[in-house]
Amino acid sequence: MDKKSALIFGFNKYAFEIVQNVKDTYQEVFLYSNNKNDLEDETYDAEYFDLSDDWSSIENSIDTESSVVFCVLADSAENIFLTISLREYFPKLSIIAIASNKENATKLSLAGANKVIPVVETTADIITNILQLPISNKVLHSILFEENDLKIAQIKIDEHCNIKDEEILSIDWSRYKGIIVLSLMHEDMKSEFIYSSKAKNHILTSGDTLVVVGYKNDIQEFRKYIRNRE
Amino acid sequence: MIKRLIIDGAYYLQTSKAYQAKKVFFYNLLENNQYKYKKYVDIFMVTLIFISVAVLIREVKHEVPDYLRFFSSYVVSIIFFIEYILRLWINSSVTSIIVQQADHNSFLSQDLSLFKVLKKILYVKLKYIFSIRAIIDLLAVLPFFHELRLLRVFILFRIFKLFRYARSFQMLIGVLQSKKFEFITLGVFASIVIFVSSILIYVMEANNTSSAINTLFEAVYWSIVTISTVGYGDVTPVTTEGRVVAMLVITAGIAVLAFTTSLVVSAFTEKLDEIKEVKTIEDINKLKRFYLVCGYESVAKEVTRKLLLQDSDIIVLDIDPLRIENARNDGLTVLPYDPGSIESYKKLNIDIKKQVKAILCLREDDVQNVYTALTVRSLDKDIFILSLLINDVNRKKLLFAGINNLVYPQELVGLMTKEFIGKPVAFEVIHELRSESNNVNIAEIAVTERIVENYPIVGEFGNKNFRVIILGVYKHTSDRFLFNPIDSTFLEVGDYIIAIGYDVFIKEFENHLDTKAKNG
């Protein structure tokens with residue numbers, strides 16, 4: 001984890017859920033509201049901000065390059081305005097924003113958000129999955145969100161990696177019993193599923209990232225194995 | 001003694017399962033539009049009607065073979081007679097009248113009055129016999145006596161029977177009946193105009209030798225032809241007075257015609273929504289499995305769009321006109337019913353257990369979703385209900401209402417942000433698998449007897465040739481998910497293979513699992 005602080009803009013249920021989920025991950029979590037009445041709330045300590053261009057207090061107190069910002073204001077237009085304002089002032093900041101619909105998601109991306117979560121679409125995806133693919137939905141949910149041994153992990157290929165410079169199809173993935181290599185992300189940030197026709201002739205280079213699913217111990221073994229070139 | 005026999009007989013028939021089952025069967029066959037075999041009876045009867053009419057038309061100028069005449073006169077008549085008797089039987093229950101009366105009398109410690117019972121039975125049966133439909137049915141039987149030439153015309157009455165079999169005719173009559181008062185007023189007005197104008201024209205023209213109107217019948221004929229704006233011109237007034245009457249009748253005719261047209265149009269406009277609703281319900285009843293979406297807001301819009309992409313049938317229930325309009329614009333079947341009212345499901349006339357895959361409570365309002373869930377649960381204890389949760393403090397209430405699965409968007413966003421920060425690439429991969437934006441999908445392949453026969457163990461799948469990853473096998477018997485199963489894992493019917501790959505490859509893989517036996 002290279003980010004130290006989380007800044008959450010918004011004082012609503014989305015913001016509170018994010019606080020609950022990230023408070024153990026970051027050294028500091030700051031909650032900001034643009035409504036002065038929210039500052040009197042006893043459950044959550046919030047600081048006031050307005051949508052003007054005065055970000056000096058944040059700039060002075062937080063290392064913005066090692067911070068993540070969550071823009072979750074209830075008003076979509078304000079959320080977009082906030083994103084564009086932050087991006088203008090802090091070009092290297094990681095901004096994650098929520099969008100109520102696809103149209104706003106596009107605007108947020110254009111405004112400079114690194115990652116946009118389209119709430120309605122994501123909720124609909126989950127509902128459709130529960131209905132159409134109940135077993136896989138349970139499995140994926142458990143892999144992603146639940147505390148159990150089956151995990152998803154991303155493993156970066158580096159200079160000392162065992163499988164560097166090998167063609168992806170020439171590798172006998174069955175050697176690594178226990179794990180499944182799902183996907184490969186190239187250094188240029190384009191992800192390909194491992195069995196896809198486009199990825200099959202790819203030669204693994206330093207900077208590529210493998211996405212693997214497996215039990216905790218097996219993933220550790222796999223990490224050890226591919227880094228044990230010497 | 002006779003009284004005792006009648007009462008015992010009535011009680012016996014009333015409690016006899018075989019007798020009641022037969023009665024229900026014939027009722028369904030003749031009267032229940034929802035019964036799947038009724039349409040075959042309707043088609044059969046309509047065919048008989050057309051054969052009879054065709055024979056009648058042929059007979060006018062040609063010789064008809066004896067067997068056809070026999071078929072039209074006797075066979076069809078007998079079939080129609082049997083139908084008439086069956087309808088008379090199922091129309092009301094003699095046994096239940098006797099039983100009810102016997103119960104009533106025994107409760108009051110009185111003797112059963114056979115006369116009273118007979119009067120009641122006669123009343124209900126005669127009421128049916130003298131209904132227009134029953135009279136038409138009876139007249140359609142009369143061509144049996146076809147030796148009496150006049151009775152052959154009764155074959156035409158068989159055409160009126162079509163009203164019974166074609167629901168659109170019944171609907172038309174229903175629509176026109178809604179304007180009964182207006183039509184009677186119009187009829188009275190037209191009759192007075194015809195009556196007065198006939199007498200007037202007769203008085204003006206009858207004594208004129210050059211006029212074609214010499215009798216009162218010709219005067220009435222002229223009036224009707226003129227008022228209806230048909231105006232053949234075969235009978236025309238020649239006197240000035242007569243022509244003045246003609247002008248008045250023509251003016252009245254235009255008024256009558258305009259009034260009639262506006263009446264019919266307004267009757268249909270008023271009933272159009274109702275007609276469409278009836279048609280929609282009929283179509284819904286034909287569906288085998290569908291999702292019932294209760295409430296159409298933003299999440300519902302997106303969910304239905306995704307389900308439609310997978311060729312699922314969807315019915316939306318909502319009472320808000322704007323949301324109904326939105327759903328209709330999105331090409332969905334919508335009924336303007338309150339999803340929280342039992343009455344709505346009665347009107348829908350569906351078998352929730354058999355026809356509904358799942359109930360989706362997708363109003364962005366926990367109170368409404370609880371209300372809908374409780375309504376549905378009171379109708380069916382087992383149906384799968386999924387609901388949106390808008391406020392976490394209501395979670396327990398929704399679960400208490402019997403909702404099987406809750407989706408809380410805020411929690412989802414919270415979990416996603418945590419995972420996204422830790423493992424952004426891995427997270428994107430799972431997100432891609434779940435969303436429709438990528439061709440790579442996760443699929444659940446149900447293990448059938450055929451698959452077990454063809455490929456009893458995982459090692460024989462050959463999935464690598466199809467570029468499909470087997471994420472795992474869900475074992476139905478032990479409710480366990482075996483991740484990345486070893487080659488010797490046995491498959492059983494009811495298990496699911498969870499496969500990941502490109503859509504086309506997965507389909508080919510599924511075909512491959514199914515076709516080995518065929519080839520072998």
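Predicted model: local features only at pLDDT ≥ 70, side-chain atom pairs only at ≥ 80, totals over all residues.

Me: Which residues of helix 3 of chain B are buried?
Reply: Among them are Val41(B), Met45(B), Leu48(B), Ile49(B), Val53(B) and Leu56(B). The buried list also includes Lys38(B), Asp42(B) and Glu59(B).

Me: What covers them?
Reply: The cover includes helix 2 (17-30), helix 4 (66-91), helix 8 (155-160) and helix 9 (162-165) of chain B.

Me: And helix 11 of chain B, how far does it reach from first C-alpha to last?
Reply: Helix 11 of chain B has 26 residues and reaches 36 Å. That is close to the expected 38 Å.

Me: What do its buried residues pack against?
Reply: Helix 12 (216-227) and helix 13 (240-286) of chain B. The buried residues of helix 11 include Leu186(B), Val193(B), Ile194(B), Ser197(B) and Ile201(B).

Me: What does Ser197(B) touch?
Reply: Leaving out residues up to four places away in sequence, Ser197(B) touches Ser223(B), Val245(B) and Val249(B). With Ser223(B) there is a side-chain polar contact of 3.1 Å.

Me: Switching to Thr15(B). Where is Thr15(B), and is Thr15(B) buried or exposed?
Reply: Thr15(B) is in helix 1 of chain B, residues 2-15. Thr15(B) counts as exposed, at 61% relative accessibility.

Me: Which backbone oxygen lies 2.8 Å from a polar atom of the Thr15(B) side chain?
Reply: That of Tyr11(B).

Me: Now the interface. How many residues of chain A are in contact with chain B?
Reply: 64 residues of chain A contact 65 residues of chain B. The two chains bury about 6,300 Å² between them, with 72% of that on carbon and sulfur atoms.

Me: How many salt bridges across it?
Reply: The rule finds one. Lys306(B) meets Asp125(A) there, N to O at 2.9 Å. Helix 5 of chain A (residues 119-132) gives the most to the side touching chain B, with 14 residues. By class, that side of chain A has 39 nonpolar, 17 polar and eight charged residues.

Me: What about polar contacts across the interface, how many residue pairs?
Reply: Eight, with both residues at pLDDT 80 or more.

Me: How many salt bridges over all chains?
Reply: The count comes to 26.

Me: Let's do a few. What does Glu270(B) pair with?
Reply: Lys179(B), at 3.1 Å, N to O. Glu270(B) lies in helix 13 of chain B and Lys179(B) in the loop between helix 10 (167-177) and helix 11, so the pair ties together parts 91 residues apart in sequence. Glu270(B) is exposed at 54% relative accessibility, whereas Lys179(B) is buried at 9%.

Me: And Lys475(B), what is its partner?
Reply: Asp495(B), with the closest N and O atoms 2.7 Å apart. Lys475(B) is in strand 8 (residues 469-475) of chain B, and Asp495(B) is in the loop between strand 9 (480-483) and strand 10 (496-502). They are 20 residues apart. Both are buried.

Me: One more: which residue forms a salt bridge with Glu63(B)?
Reply: Arg69(B), with the closest N and O atoms 3.7 Å apart. Glu63(B) is exposed at 64% relative accessible area. Arg69(B) counts as partly exposed at 24%.

Me: Last topic, chain A. How many helices and strands?
Reply: Seven helices and ten strands. Of its 230 residues, 54% count as buried. Among chain A contacts between residues at least 6 apart in sequence, 61% join residues at least 24 apart.

Conventions:
Residues numbered from 1 in each chain as written. Chains lettered and ligands numbered in written order. Heavy atoms only, no water. Helix = DSSP H or I, 4+ residues; strand = E, 2+ residues; numbered from the N terminus. Buried < 20%, exposed > 50% of the residue type's maximum accessible area, 1.4 Å probe, protein only. Polar contact = N/O pair within 3.5 Å; in protein donor to acceptor, adjacent residues only side chain to side chain. Contact = heavy atoms within 4.5 Å. Buried area = accessible area lost by both parts, 1.4 Å probe. Salt bridge = Lys/Arg side-chain N within 4 Å of Asp/Glu carboxyl O. Nonpolar A, V, L, I, M, F, W, Y, C, P; charged D, E, K, R; others polar. Expected span 1.5 Å × (residues − 1).
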